[in-house]
Amino acid sequence: AKQPGGRYCLRNQAEAARWACERLAEALMPLHCTPIAEMLGEVVSAFDKEFSDAYNEGMRCKLGLKSPAPDLVSNLLALMESVDADWTCTFRALTAARSEDEAM
C-alpha cells in the first residue's frame, strides 16, 4: 500500500533499515563492552556507506549504466515523482527502449 511519508514508503526505507540496525546494536549491547554511543556511530557509518554503495550499484544495473550515476538517478526519480510515474512501467519502458536501440 502506498504510504506517502510513512516509515515504510520507498523514500524512507533506508532510514527505517538504519533505525532497525541501531536497535539491534542496542539489543546486543550486553554481549560486548563497546560503549553504546561509539557502537551506534559505527553502525550508522557502516550502514550509510553500505546502503549507498548497494543502492548506487543496483540502480546502475537497473538502468544499464557502465558506472554509477547518483545525480542521474536522483534526477530520474525526481521526474518520476513529479509526474507520479509507476516504477515498474517506467523501468519496463526504459528496458524496451534500450532493447530497440540494441536491435538497430
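**Entry 1: a cut-off to start with**

I call a residue buried when its relative accessible area is under 20%. With that in hand I looked up Phe47, which has 15% relative accessibility and therefore counts as buried. A reminder to myself: this is a predicted model.

**Entry 2: confidence**

The average pLDDT of the protein is 85, and 86% of the residues score at least 70. I then went through the elements and found the highest mean pLDDT, 94, in helix 3. The lowest, 78, belongs to helix 4, which covers residues 87–103.

Is Phe51 buried or partly exposed? Its relative accessible area is 35%, so I note Phe51 as partly exposed. Phe51 also pairs with Tyr55: their ring centres are 6.1 Å apart and their planes are at 10°, so I put this pair down as stacked too. Phe51 and Tyr55 are again 4 residues apart in helix 2, about one helical turn. Tyr55 has 31% relative accessibility and counts as partly exposed. Put together, the ring pairs join Phe47, Phe51 and Tyr55 into a cluster.

**Entry 3: a charge over a ring**

I also looked for a charge sitting over a ring. The charged end of Lys62 does this with Phe91, at 4.8 Å from the centre of the ring.

**Entry 4: helix 3, end to end and side to side**

Helix 3 runs over residues 70–82, 13 residues in total. From first C-alpha to last I find 18 Å, close to the expected 18 Å.

Which residues of helix 3 are buried? They are Val73, Leu76, Leu77 and Met80. Looking down the axis of helix 3, I see these buried residues within an arc of 95°, so they line one face of the helix. On the other side of helix 3 I noted Asp71, Asn75, Leu79 and Ser82 as exposed.

What follows helix 3? I found Asp84 there, with a positive phi near 55°.

Note on methods. Residues are numbered from 1 along each chain as its sequence is written. This is a predicted model: local features need pLDDT of at least 70, side-chain atom pairs count only at pLDDT 80 or more; totals for chains, interfaces and linings use all residues. Side-chain values use heavy atoms; hydrogens and water are left out. Helices (H or I, at least four residues) and strands (E, at least two) are DSSP runs, numbered from the N terminus. The expected span of a helix is 1.5 Å times one less than its number of residues. Buried means under 20% relative accessible area, exposed over 50%, partly exposed in between (1.4 Å probe, protein chains only). The arc is that of the directions from the helix axis to the C-beta atoms. pLDDT is the predictor's confidence in each residue, from 0 to 100. Rings of Phe, Tyr and Trp (its six-membered ring) pair if their centres lie within 6.5 Å; planes under 30 degrees apart count as stacked, over 60 as edge-to-face and the rest as tilted. A charge sits over a ring if NZ of Lys or CZ of Arg is within 6 Å of the ring centre and within 35 degrees of the ring normal.
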